Amino acid sequence: LGRRLSFGNPWWDTNNKTETIFPDLPERAFYTGFFSRLHSQEPGRVLVMAGPPCVGKTTMLHQATADLLARGVAGEEILYCDLAAPSYGVTPPARLVEAAAARFGHGPDSVLYLFFDEAQYLAGWREKLQALASAWPNARIVAAVSCDAGPAGSDWETFVLPPLTFAEFLNYRKDEERLLGGGASGAGGLTSGAMTMSPAAIPAFNDAFAEYVNFGGFPKGVV
């Protein structure tokens, strides 16, 4: 179990805590809101990030980890577990946290960041994570799920991550300048000093929208 945890949390063992560990993907437009929720999370509550498969939930957890490391949070205070992994399938979240805590000397009052990806693979995940939040009241717990998170409650908060919006699709493909940056030249994009598109940009804009409708809802299909 200890080796599997180390494999999933490479920032525990690296000397450079801010080194690039994850692929450099664009941030979703929803990332700032998610990271703000993470920081403002009240003690004893679980933040659930819910959305369809492949919309970027795992990437957002990784980006939050990199952001925390860059802001000075110690690597050993961050635990990431992909509960779709067979080695975690029969291990309660409390046992995973206890294993990490024993390695680094954390106690129930420690301020930790606990990220559980694909939490829906764990039977009774809601109850088990709520119990974990009660046992570790200063931990900020995030569960990413590809299913219905259920109604929010006093100890539960839901953050919904939808598929890419059209604006995000353009940003991911770096089409904003081509379609919206033509300026006064009339070659395409916004006209000078006005939030209107030049006529020359409309056909390309429509083509981009057709591609978005057919293929553009998921980051990995666009990047």
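Start by selecting strand E2, residues 78–82, where 4 of the 5 residues are buried (buried is under 20% relative accessible area, exposed over 50%, partly exposed in between, with a 1.4 Å probe and protein chains only). The labels come from DSSP runs numbered from the N terminus: helices are H or I with at least four residues, strands are E with at least two. This is a predicted model, in which local features need pLDDT of at least 70, side-chain atom pairs count only at pLDDT 80 or more, and totals for chains, interfaces and linings use all residues. Residues are numbered from 1 along each chain as its sequence is written, and side-chain values use heavy atoms, with hydrogens and water left out.

Click on tyrosine 80 and you'll find phenylalanine 115 of E3 opposite. Now show helix H4, residues 93–104, which the chain passes through on its way from E2 to E3 in a right-handed β-α-β crossover. Right-handed means that, with the strands pointing away from you, the path from the first strand over the helix to the second runs clockwise.

Which residues line the largest cavity? Select Glu76, Glu77, Ile78, Leu79, Val97, Ala100, Ala101, His106, Leu112 and Leu114. H4 gives the largest share of this lining, 3 residues. By type, the lining has 7 nonpolar, 1 polar and 2 charged residues (nonpolar: Ala, Val, Leu, Ile, Met, Phe, Trp, Tyr, Cys and Pro; charged: Asp, Glu, Lys and Arg; polar: the others, Gly among them). The space inside is about 50 Å³. On a 1 Å grid over the protein atoms alone, a cavity is a set of points where a 1.4 Å probe fits but cannot get out, while a pocket is an open set with protein on both sides within 12 Å along at least five of seven lines; lining residues have an atom within 4 Å of a point. Points are joined across faces, edges and corners, and volume is the space filled by probe spheres set on them.

Next comes the largest pocket, at about 360 Å³. Of its 21 lining residues, Gly56, Lys57, Thr58, Thr59 and Lys220 are closest to the centre. Colour helix H3, residues 57–70, too: with 6 residues, H3 gives the most to this lining.

Last stop: asparagine 171, in helix H6, residues 166–172. Asparagine 171 counts as partly exposed because its relative accessibility is 32%.

Conventions. Two strands pair if DSSP finds at least two bridges between them.
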